Amino acid sequence: MEAAQRTHEQAKLWNGSAGCAWVEAQALLDRILQPFEEILVEAVCASGARSVLDVGCGTGSTARAVARSLGAKSCPVGVDISEQMIATARMLAEQERVPAKFICADAQTHSFAPASFDMIMSRFGVMFFADPVRAFANLRNAASKEATLCFVAWRNPAENRFMTTAKRAAASLLPNLPARRADAPGQFGFADARRVQSILAASGWTYIDIQPIDVTCTLPESELSRYAARLGPVGLALREVDPRTRDQVVAVVREAFEPYVHGDEVRFTACCWRVDARR
Ligand SMILES: C[S@@+](CC[C@H](N)C(=O)[O-])C[C@H]1O[C@@H](n2cnc3c(N)ncnc32)[C@H](O)[C@@H]1O
């Protein structure tokens, strides 16, 4: 598939059903992914960066967290391709009165001011590029001479069984769920560390360090069905099915998540890469 077509698909998805699902579940997702926010804020603070770009910032939680941490001396910028997610990010920053700015644009091609950021970070926002070398070269151009890059991305689905539970459980009821294409833009697009290394090297980044991190994430048990019914491929497919199939899928999926339920809490390990590099 052509890069232009893959870009169009991603833009359509994040400006459509996936964007809606992330906006609707914003507070829940930010709670689940909070440990990654802490990792990134710590990296920003350790680097001494003042001007920070949050790539694929979504509804802006990590950019707002950096703004709170750095205070008035900074104004982190979030960039995202999804209009509805950027609108939510702006609204939340205004409500919280934090100095963060948000741009709705494709990070692969947007004309950032050259050398304008001394840290480029992302929480799961860089695996969706149709042309990742071009994207990371564009981001590098936006990075100042001493700038660093720090992002987190998922390792492979076999290690992240929680993330594939719903799809496996619902497979017989939803036979048209999309098959995963290795290395294609998507949640697990950066599962292969060697590929990530070569993308970053080809786009000019240096001192590339890719480390596995296993992070415990939690959510309230009371939110589990809502989570499974809205997000991921099953959540997206459920938007299109009849109420009876929907109820069946929700029941089967909820049952499949049982091993992760501990009283009123759901707990899983997110098996990810932490990637650091220098301009
Ligand atoms: C899995 S979400 C993560 C959102 C956010 N970083 C978070 O942790 O809540 C991935 C985000 O990447 C964004 N995205 C995908 N392709 C993009 C692109 N080419 N340029 C900018 N953002 C993009 C999506 O719109 C989505 O908000």
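1. The protein carries 32 positive and 31 negative side chains. The centres of the two sets lie 3 Å apart. Lys and Arg count as positive, Asp and Glu as negative; His and the chain ends are left out. Each charge is placed at NZ of Lys, CZ of Arg, CG of Asp or CD of Glu.

2. Basis of the model. This is a predicted model: local features need pLDDT of at least 70, side-chain atom pairs count only at pLDDT 80 or more, and totals for chains, interfaces and linings use all residues. Residues are numbered from 1 along each chain as its sequence is written, and side-chain values use heavy atoms, without hydrogens or water.

3. Overall fold. The protein has 12 helices and 8 strands. These are DSSP runs, numbered from the N terminus: helices are H or I with at least four residues, strands are E with at least two. The radius of gyration is 18 Å, close to the 19 Å of the globule rule for 279 residues, so the protein is as compact as a globular protein of that length. That radius is taken over C-alpha atoms, and the rule is 2.2 Å times the number of residues to the power 0.38. Along the principal axes, the C-alpha trace spans about 55 × 40 × 30 Å.

4. Of the 279 residues, 51% count as buried. Buried means under 20% relative accessible area, exposed means over 50%, and partly exposed lies in between (1.4 Å probe, protein chains only). The protein exposes about 12800 Å², and carbon and sulfur atoms supply 50% of that area. Accessible areas come from the Shrake-Rupley method. Among contacts (heavy atoms within 4.5 Å), consider those with a separation of 6 or more: residues 24 or more positions apart account for 82% of them.

5. Salt bridges. Side chains of opposite charge can pair when their charged atoms come close. The structure holds 15 salt bridges, each a side-chain nitrogen of Lys or Arg within 4 Å of a carboxyl oxygen of Asp or Glu. Glu37 pairs with Arg68, with the closest N and O atoms 3.9 Å apart. Glu37 lies in helix α4 (residues 34-47) and Arg68 in helix α5 (residues 61-70), so the bridge ties together parts that are 31 residues apart in sequence. Glu37 is buried at 5% relative accessibility. Arg68 is partly exposed at 47%.

6. Glu223 and Arg226 meet at 2.8 Å, N to O. Glu223 is partly exposed at 22%, as is Arg226 at 29%. Glu265 bridges to Arg267, the closest N and O atoms being 3.0 Å apart. Salt bridges that share partners join Asp30, Glu37, Arg64, Arg68, Glu96 and Arg123 into one network.

7. Helix α5. How many of the 10 residues of α5 are buried? The count is 8, so the helix is largely enclosed by the rest of the structure. Ser61, Arg64 and Leu70 are among the buried residues. Their cover includes α3 (26-32), α4, β1 (52-55), α6 (83-96), β3 (101-104) and β4 (117-123). Gly71 follows α5, with a positive phi near 70°.

8. Ser116. Where does Ser116 sit? Its place is the loop between β3 and β4. Ser116 is partly exposed, with a relative accessible area of 27%. Ser116 touches Ser51, Ala142 and Ser144, not counting residues up to four places away in sequence. The C-alpha atoms of Ser116 and Ala142 are separated by 5.5 Å, although the two residues are 26 apart along the chain.

Technical notes. Accessible areas come from the Shrake-Rupley method with a 1.4 Å probe; for residues, only the protein chains shown count as cover.
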